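Let's take a walk through this structure, moving from the layout of the domains to the chain interface and then to individual side chains. Have the viewer open as you read.

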Amino acid sequence: MSSLQITNLVHHFSANDMVLDNINLEVPEGSIYGFLGPNGAGKTTTLKLILGLLKKQQGTITLFGKPLEKNHIDILKRVGSLIESPSLYGHLTAHENLNLLQKVYQCPKTNIQEVLDLVGLAHTGKKKAGQFSLGMKQRLSIAIALLHDPSLLILDEPTNGLDPNGMIEIRELLLKLNKEKGITIIISSHLLAEIERLVTHIGIINKGKLMFEGTLGELREKQQQLLSVILETDDNEKATRIIADNDLTPCMEEGRIVLPAISKDTVAKINRQLVANGLEVYEIKAVRNDLEAIFMDFIKN
Amino acid sequence: MNISFIHSFQSEWLKTKRSLALWIVIIGGFFTPAIVTVARIIQYRTLPSIYAADDFWKLLWQNSWESMALFLLPLGAILTTSLITQIEYRNNTWKQLHTLPLNLTTIFFSKLFLVLVIMLGFFVLFNIGIYLSALIPYWVIGGVPYPKAPIPFQYFLEQDLKYFVDCLPIVAFQYLLSLKYRHFLVPVGTGFILWVGALASLSWKYGYIIPYTYCMFTYLQGGVVNKAVMPTINIHLLACVYFVGITLVSYLLYMTKKERF
């Protein structure tokens, strides 16, 4: 079952400014869904539409099997969110910030202490949220999002501005929440490396279009497909002609020959042919494109 | 009134803790009575005759309301409404508020209700302040009798009600501006200009058109010598009409907002 399903979502800020172009995405229940894309790709707009912060123009948004418009209040009772920068009352303490939201959610008061412990802010006492560091503010925002035991957590770039240690802390916290409480998490980011070790599913958006959607495994399959071979000889032009005779399409990059993915046998065969034709083979190596390269490839294309 | 409105109101109330708006209400409510008290203690020789007068309470009331009706109440309403409403813009919390399981009508009216409750608190503190300004000189200065005249509770209540109704259009208009504009200076600046405009238009025969004049007119109608042209229509009723009309416009603007952050 899906926690979130989006069909044919289109959004314009003005007649000539299409921000989302027919977005379709599906977030399976219990998954950690990485929503990736460069700045300005449409990630935040999509998340704002899911939360009702923007008026939907075209398409359907279904959460927990129910359409968003008709079940707005019921759905928001089951969703926790952090959109862009932290949303905190700076003149109140962490406990007071949570207390005023507890009044609305009517969840048990004990949840306040639980989430403060969970994000490591139980010691902040009378310190006002406005005096917190950015990392503490982000953690308090996550505590707010978790206060009412949501089934779905929507986090828009939650590690923005955090140091590497803070990023690791947030990542571990999210993994723990997903594993122990079964919370479905949608996390947006513009860096694949940042969420690669966290997510089970990935959606890649660029210029308002969804370029890829699938599991991390499916993305890794693409990575395997994109394995390439690099060759360097004393006469690359002659080598290119010999290789082309084998029905392959070599290309030149930075003075080296780049071949698409080929089997080990073919590599050995080409090597034999090059040597037999009197060429000196300096280097043959297989290059595995990392996920970041694939992500960049999606963005560039 | 449904249960989510009560929960939303409780949540809104908690946001005012340590806020500037609350301090304005507390200081504003006691400011004039404190000045009256100090003035009376300085002029302590005249107090025995003042305290013995039959119209002691009405005179004290009139003295206290002078600065309140002309300055502190309109400015207090402008600042309190703007500060409370702007809490969300200042803290970047509109987006959080709008992702809570509350419908927009509940959010709109619980915030407005909070402003009205705080304004009511302003009146309560001011009334307590007036009473204390009568008692303190009696306590601290020997020979000053307790006022002979009975406290005219009904008169005070009627006057309070009139002034409260008179400040409602100010609350409604400031609420509209504060919801609409992100920058704090827009509602406060506009409110200040309208207050100055109201002061200047008291002597204009159509001055009652400006909804910020009603507190001033109510005070001046109390027989104070002045150059104001008193409106012949019921300004309290007009204040109610303005309040309902502006609140409706404000509600429509809020409900039809395309972006909620």
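**Two domains in chain A**

The C-alpha centres of domain 1 of chain A and domain 2 of chain A sit 44 Å apart. The contact between them draws 11 residues from domain 1 of chain A and 5 residues from domain 2 of chain A, where contact means heavy atoms within 4.5 Å. Domain 1 runs over 2-215 and domain 2 over 226-300, with bounds that come from an automatic or database domain assignment.

Before going further, a word on ground rules: this is a predicted model, so local features need pLDDT of at least 70 and side-chain atom pairs count only at pLDDT 80 or more, while totals for chains, interfaces and linings use all residues. Residues are numbered from 1 along each chain as its sequence is written, chains are lettered from A and ligands numbered from 1 in the order in which they are written, and side-chain values use heavy atoms, with hydrogens and water left out.

Back to the domains. Together, domain 1 of chain A and domain 2 of chain A bury about 750 Å², with 73% of it on carbon and sulfur atoms; buried area here is the accessible area (1.4 Å probe) that two parts lose on being put together, summed over both. Across this domain interface the rule finds 0 salt bridges, a salt bridge being a side-chain nitrogen of Lys or Arg within 4 Å of a carboxyl oxygen of Asp or Glu. Helices (H or I, at least four residues) and strands (E, at least two) are DSSP runs, numbered from the N terminus. Sorted by class, that side of domain 1 of chain A has 7 nonpolar, 3 polar and 1 charged residues. The classes work like this: Ala, Val, Leu, Ile, Met, Phe, Trp, Tyr, Cys and Pro count as nonpolar, Asp, Glu, Lys and Arg as charged, and the others, Gly among them, as polar.

**Where the chains meet**

How much area do chain B and chain A bury between them? About 2,700 Å², 58% of it on carbon and sulfur atoms. In residue terms, 28 residues of chain B are in contact with 32 residues of chain A. The rule finds 2 salt bridges across the interface of chain B and chain A. H1(B) provides the largest share, 5 residues. By class, this side of chain B has 7 nonpolar, 12 polar and 9 charged residues.

Now zoom in on one cross-chain pair. Glu96(A) and Lys17(B) meet through their side chains in a salt bridge (2.7 Å, N to O). Glu96(A) is buried at a relative accessible area of 15%, whereas Lys17(B) counts as partly exposed at 40%. The cut-offs are under 20% relative accessible area for buried, over 50% for exposed, and partly exposed in between (1.4 Å probe, protein chains only).

**Inside chain B**

A search of the whole structure turns up 13 salt bridges over all chains. One to look at joins the side chains of Lys15(B) and Glu88(B) (2.7 Å, N to O). This pair links distant parts of the chain, with Lys15(B) in helix H1 of chain B and Glu88(B) in helix H4 of chain B, 73 residues apart. Both Lys15(B) and Glu88(B) are buried. Through shared partners, salt bridges tie Glu12(B), Lys15(B), Glu88(B) and Lys111(B) into one network.

Helix H1 of chain B also holds Ser8(B), which counts as buried at 1% relative accessibility. Leaving aside its neighbours within four places in sequence, Ser8(B) is in contact with Leu102(B), Thr106(B) and Ser110(B).

Finally, check some phi angles. Asn22(A) has a positive phi of about 60° although it is not a glycine. Asn22(A) belongs to strand E2 (residues 17-28) of chain A and is partly exposed at 40% relative accessibility. Glu254(A), also not a glycine, has a positive phi near 50°. Glu254(A) falls in the loop between strand E12 (251-253) and strand E13 (256-259) of chain A, and is exposed with a relative accessible area of 79%.
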